[in-house]
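Please read the following points beside the sequence and the model. They are short notes for someone who has not looked at this structure before.

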Amino acid sequence: MGAVNSETLLGGFIKERQQKDQIEVSVATKFAALPWRFGRGSVLSALKKSLDRLGLASVELYQLHWPGIWGNEGYLDGLADAYEQGLVKAVGVSNYNEKRLRDAHARLKKRGVPLAANQVNYSLIYRTPELNGVKAACDELGITLIAYSPIAQGVLTGKYTPENPPTGPRANTYTPEFLAKLQPLMNRIKEIGASYGKSPTQVSLNWLTCQGNVVPIPGAKNASQAKEFAGALGWSLTGDEVEELRTLAREIKGIRMPIEES
């Protein structure tokens, strides 16, 4: 229901906006490999329903949301069918480990369809894609790495401290003990940011873009946040600053995302 609601709302917003001005809108959406969805036909069926909700003839990027329990070959064939039919301009996957990524790339390549993206959890304090071969495979194969949770659910904004930890589910990961270990890194992020006139959020996002072939996708809840995120573009940390922050981040342990290890 979340996907249905978001696509319907987005479709309405696009229509309303385009009635005022002719603007170009790029849309990416996903196919969820739910247990009752079987084979390549389910991908096309779901995509066409998404396009109806969005009020669009095609989308720029259509991704598999996560590896299916079974039938991944059929899902990939469905992505290729959608690409060949012009319903999508590019196809991608999400949360694929290196082996799954290489297999998906090879299967799509046989159809002459490029694998455009792999969307994985990646941030300054969660660098698993650098360690498990995913980042290197993306670079080798020409697959863009889309980084979700690039500011670690808000932790890299600096708004949380050992005295003011997050609430809800994220409190289980970002505990006061974890946040205490994070402070030396956050202090240096703030110092570097001050030298550029940038916020900790902007420094953390820029660190990701400095890795090359990485597109961070922070979630904006309002216009103010969107403007802040845009401030991560148009400038760059130095190589020394990138490595200094990575070195400080190595001292922080304790974050695991099992989905990428399956």
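Notes on the model

1. Alanine 152 sits in the loop that runs between strand 5 and helix 7; helices (H or I, at least four residues) and strands (E, at least two) are DSSP runs, numbered from the N terminus. The relative accessible area of alanine 152 is 2%, so the residue is buried; buried means under 20%, exposed over 50%, and partly exposed in between (1.4 Å probe, protein chains only). Its phi is near 50°, a positive value in a residue other than glycine. Most residues other than glycine have a negative phi.

2. The structure is a predicted model, in which local features need pLDDT of at least 70 and side-chain atom pairs count only at pLDDT 80 or more, while totals for chains, interfaces and linings use all residues. Residues are numbered from 1 along each chain as its sequence is written, and side-chain values use heavy atoms, with hydrogens and water left out.

3. Serine 149 lies in the loop between strand 5 (144-148) and helix 7 (176-196). Serine 149 has a positive phi, near 55°, and is a residue other than glycine. Its relative accessible area is 18%, so serine 149 is buried.

4. Helix 3 and helix 4 (residues 98-110) pack with their axes 10 Å apart and at an angle of about 45°. That angle makes helix 3 oblique to helix 4. Axes are lines fitted to C-alpha atoms, for helices over the stretch in contact, and angles run from 0 to 180 degrees between N-to-C directions. Angles under 35 degrees count as roughly parallel, over 145 as roughly antiparallel, 65 to 115 as roughly perpendicular and the rest as oblique. The crossing of helix 3 and helix 4 is right-handed, meaning that the near helix is turned clockwise from the far one by less than a right angle.

5. How many salt bridges does a search of the whole structure find? The search finds 15, where a salt bridge is a side-chain nitrogen of Lys or Arg within 4 Å of a carboxyl oxygen of Asp or Glu. Among the residues involved, Arg40, Asp81, Glu84 and Arg111 are linked in a network of salt bridges.

6. Within helix 4, lysine 99 and aspartate 103 are 4 residues apart, about one turn of the helix. Their side chains meet in a salt bridge (2.8 Å, N to O). Lysine 99 is exposed at 59% relative accessible area, and aspartate 103 is partly exposed at 42%.

7. The side chains of glutamate 140 and arginine 102 also meet in a salt bridge (2.7 Å, N to O). Glutamate 140 lies in helix 6 (residues 134-141) and arginine 102 in helix 4, so the pair ties together parts that are 38 residues apart in sequence. Glutamate 140 is exposed at 53% relative accessible area, whereas arginine 102 is partly exposed at 29%.

8. In helix 10 (residues 239-249), arginine 246 and glutamate 243 are 3 residues apart, about one turn of the helix. A salt bridge joins their side chains (2.6 Å, N to O). Arginine 246 is buried, with a relative accessible area of 8%, and glutamate 243 is partly exposed at 39%.

9. Glycine 212 is in the loop between helix 8 (200-209) and strand 6 (214-216). Glycine 212 and aspartate 139 are 73 residues apart in sequence and 8.5 Å apart in space, C-alpha to C-alpha. At 28% relative accessibility, glycine 212 is partly exposed.
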